[in-house]
Amino acid sequence: MDWMKIVAGFVIMMVVIMVWFRVMKQIRGDGGSGVDVTVPKRRKRRPDQGVNDLERFIQSHRTGESERPNAMAVDPVAAATSALPARPVFAPVGMVPAVISAPVLLAGVHRLLYLILKTGLPGHHVFPRVMLRDLVPAATARADVGAHAIAFVVCKSDFSAVAAIELAPLADSVRTELVQRALAATGIRHVILDGSALPRPAAVRALVYGA
């Protein structure tokens, strides 16, 4: 075994280790070079860091640091509300109009007759309070008769009028006759029912289309 080669190898290894240590000391700044090239570790942001920033801002505002010439004036209220979504502007309570309840279009006997017509005439349309002038030509009825409001108008599925239904007693017999003539000229059946003795739904079809 060549002991000289083994000793020489150990010597070379020791020299390399010493040189490596010196280089690392110089890199870390321990060699007197005056330059610190070590990379600082990144600190994790604590959950309360934002709160500490706000406390530092308040403290600087109290001590007058924010009033220095080079300091930027910051309005804490504006800074806090600038990120909030815009809120709708509501009128004062005294300026809000009073809520008006919706009117009831059908009540009492008129509501009952409407339900009877809808039940007894499936596939038909029922319209309340229709003006006569909406059913007949203008030349068929006078202006005052054209303004007459019919209680219910029954239409087929294609919205063609079949019958005009009213509740007795009617106010004017002469006007009633004029209404009947105008409807008859258009082919619309005029039916007058007694509000105190309304028909059953099964008998409605015969009244509308005739027995």
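R129 lies in strand β1, where strands are DSSP runs of E of at least two residues and helices are DSSP runs of H or I of at least four, numbered from the N terminus. The structure is a predicted model, in which local features need pLDDT of at least 70 and side-chain atom pairs count only at pLDDT 80 or more, while totals for chains, interfaces and linings use all residues. Residues are numbered from 1 along each chain as its sequence is written, and side-chain values use heavy atoms, with hydrogens and water left out.

**Positive phi angles**

- Although R129 is not a glycine, its phi is positive, at about 55°.
- R129 is exposed, with a relative accessible area of 55%; exposed means over 50%, buried under 20%, and partly exposed in between (1.4 Å probe, protein chains only).
- F159, also a residue other than glycine, has a positive phi near 70°.
- The loop between β2 and β3 holds F159, and this residue is exposed at a relative accessible area of 51%.

**Helix α4**

- Helix α4 covers residues 108-120, and its 13 residues should span 18 Å at 1.5 Å a residue; the end C-alpha atoms are 19 Å apart, which agrees. The expected span is 1.5 Å times one less than the number of residues.
- L113, I116, L117 and G120 are the buried residues of α4.
- Seen down the axis of α4, these buried residues fall within an arc of 95°, so they line one face of the helix; the arc is taken from the directions from the helix axis to the C-beta atoms.
- An α-helix has 3.6 residues a turn, so residues three or four places apart point the same way.
- Exposed residues G108 and T119 are carried on the face of α4 turned away from its buried side.
- The cover over the buried residues of α4 includes β1 (125-131), β2 (149-155), β3, β4 (189-194) and α7 (204-209).

**L113 within α4**

- L113 belongs to helix α4 and is buried, with a relative accessible area of 0%.
- Leaving aside neighbours within four places in sequence, L113 is in contact (heavy atoms within 4.5 Å) with F152, I165, L167, L193 and L198.
- Although L113 and P199 are 86 residues apart along the chain, their C-alpha atoms are separated by 8.7 Å.

**E166 in strand β3**

- E166 is placed in strand β3, which comprises residues 161-168.
- E166 is buried yet has no salt bridge, and R175, the nearest side chain of opposite charge, is 8.1 Å away. In this assignment Lys and Arg count as positive and Asp and Glu as negative, whereas His and the chain ends are not counted.
- The side chains of E166 and H148 make a polar contact at 2.6 Å. Such a contact is a pair of N or O atoms within 3.5 Å; within protein, one must be able to donate a hydrogen and the other to accept it, and residues adjacent in sequence count only if both atoms are side-chain atoms.
- Beyond its neighbours within four places in sequence, E166 has contacts that include A149, I150, V179 and H190.

**Salt bridge**

- The count comes to one salt bridge, defined as a side-chain nitrogen of Lys or Arg within 4 Å of a carboxyl oxygen of Asp or Glu.
- This salt bridge joins the side chains of E177 and R181, at 2.7 Å from N to O.
- E177 and R181 are four residues apart in helix α6 (residues 173-186), and are therefore separated by about one helical turn.
- E177 counts as partly exposed at 39% relative accessibility, whereas R181 counts as exposed at 53%.
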